[in-house]
Amino acid sequence: MNKIPDKMKAVVLHRFGGPEELRLQEVDMPKIGPEDVLIRLAYAGVGEWDAFERQGGYAEMLGLNPQFPYILGSEGSGTVVARGEKVSNVNLGDLVYAPGFLNPKGGFYAEYAAVESQYVSRIPEGLTRQEAAVISGVGITALRGLEDVLKLQQAESVMIFGASGGVGHMAVQLAKSLGARVFAIASGEDGVAMVKKLGCDAVVNGKGGDILSMAMKFAPDGFDAALFTAAGEAANHAMGCIRAGGRVAYPHGIRPELRISSGIRIEGYNGEPDPEIIGRLHRYITRDRLSVHISHIFALEDASEAHATINSHYLGKICLQLNT
């Protein structure tokens, strides 16, 4: 194992703001505690929530007192290069992936990250390092919504709105794993083509497709459940396809607010990681060979360009390439 350097390259913020505040610079290597793992990162995921964090949204919402320079990034993959004396779940040299939301030791937009071992898992066979880097945040958010909030049952009909986005395309696969009948609403013809490959039962283009007539054909009595990963006028129309007594879930943070129909149970939720749901997602990934669509891979120094892309039309996930 090569000697671990004292310094590393990272993309940092010196103040919260727009994508232009992201700067590549040299910073001190994060220190590991007895229960931490030091990962030499290969790839890092760029989440839609990273923009909110970059603007200082979480710091304000949670009353945090952030230290600058501040490193973003809540997920990544790489190789274990050091571990604390109490760590037993991974070994030096293991290829691993991890989420680390608001990690006090710094995020994943860096050459190395120190992460609590309870969040770190070996990369399952069949998953690339790129996919492993970006699957945690969206996978956990999708699984939390489908299994914990909606309590989706086998043979139930479920609508996934925003199915070609990061959370949405994981939700399509997980809903199929749970044995549901899946109706997907994707964004654009490219989104429809991508989602069709994931094995859902029906897919419609939310930009111009006839959502209502296709939905009525698929679930004549209305849908049992729906997961909304995006909002807007089309989402509000689609809300009319849920049956009386049906259940709707959405991750907190989608804008604008959903217009809620009466007679439907609707619940917002957070997709934060914890060891239990990380393990649960890992089992689904392994058993059902879940995959992630990555539309863009940017170099670390192009993180500001990656953040500018968050607001454009893209499918699946965005990724940063670090060490290879």
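What percentage of the 324 residues in the chain do buried residues make up? Buried residues account for 56% of them.

**Figure 1. Overall view of the chain in the predicted model.** The chain contains nine helices and 16 strands. Its radius of gyration is 20 Å, close to the 20 Å from the globule rule for 324 residues, so the chain is as compact as a globular protein of that length. Along the principal axes, the C-alpha atoms fill a box of roughly 65 × 40 × 35 Å. Of the contacts between residues at least 6 apart in sequence, 66% join residues at least 24 apart.

**Figure 2. Surface and charges of the chain.** The chain carries 31 positive and 37 negative charges, whose mean positions lie 3 Å apart.

**Figure 3. The cis peptide bond between phenylalanine 68 and proline 69.** Omega for this bond is about -5°. Proline 69 belongs to the loop between α2 (57-61) and β4 (70-71). Most peptide bonds are trans.

**Figure 4. Lysine 151 in the loop between α3 (129-149) and β9 (157-161).** Lysine 151 is not a glycine, yet its phi is positive, near 50°. Most residues other than glycine have a negative phi.

**Figure 5. Arginine 289 in the loop between α8 (275-288) and β15 (294-299).** Phi of arginine 289 is positive, about 50°, although the residue is not a glycine. The relative accessible area of arginine 289 is 54%, which is over the 50% cut-off, so the residue counts as exposed.

Terms used: Residues are numbered from 1 along each chain as its sequence is written. This is a predicted model: local features need pLDDT of at least 70, side-chain atom pairs count only at pLDDT 80 or more; totals for chains, interfaces and linings use all residues. Side-chain values use heavy atoms; hydrogens and water are left out. Helices (H or I, at least four residues) and strands (E, at least two) are DSSP runs, numbered from the N terminus. Buried means under 20% relative accessible area, exposed over 50%, partly exposed in between (1.4 Å probe, protein chains only). The radius of gyration is taken over C-alpha atoms; the globule rule is 2.2 Å times the number of residues to the power 0.38. Contact means heavy atoms within 4.5 Å. Accessible areas come from the Shrake-Rupley method with a 1.4 Å probe; for residues, only the protein chains shown count as cover. Lys and Arg count as positive and Asp and Glu as negative; His and the chain ends are not counted. The place of a charge is taken as NZ of Lys, CZ of Arg, CG of Asp or CD of Glu.
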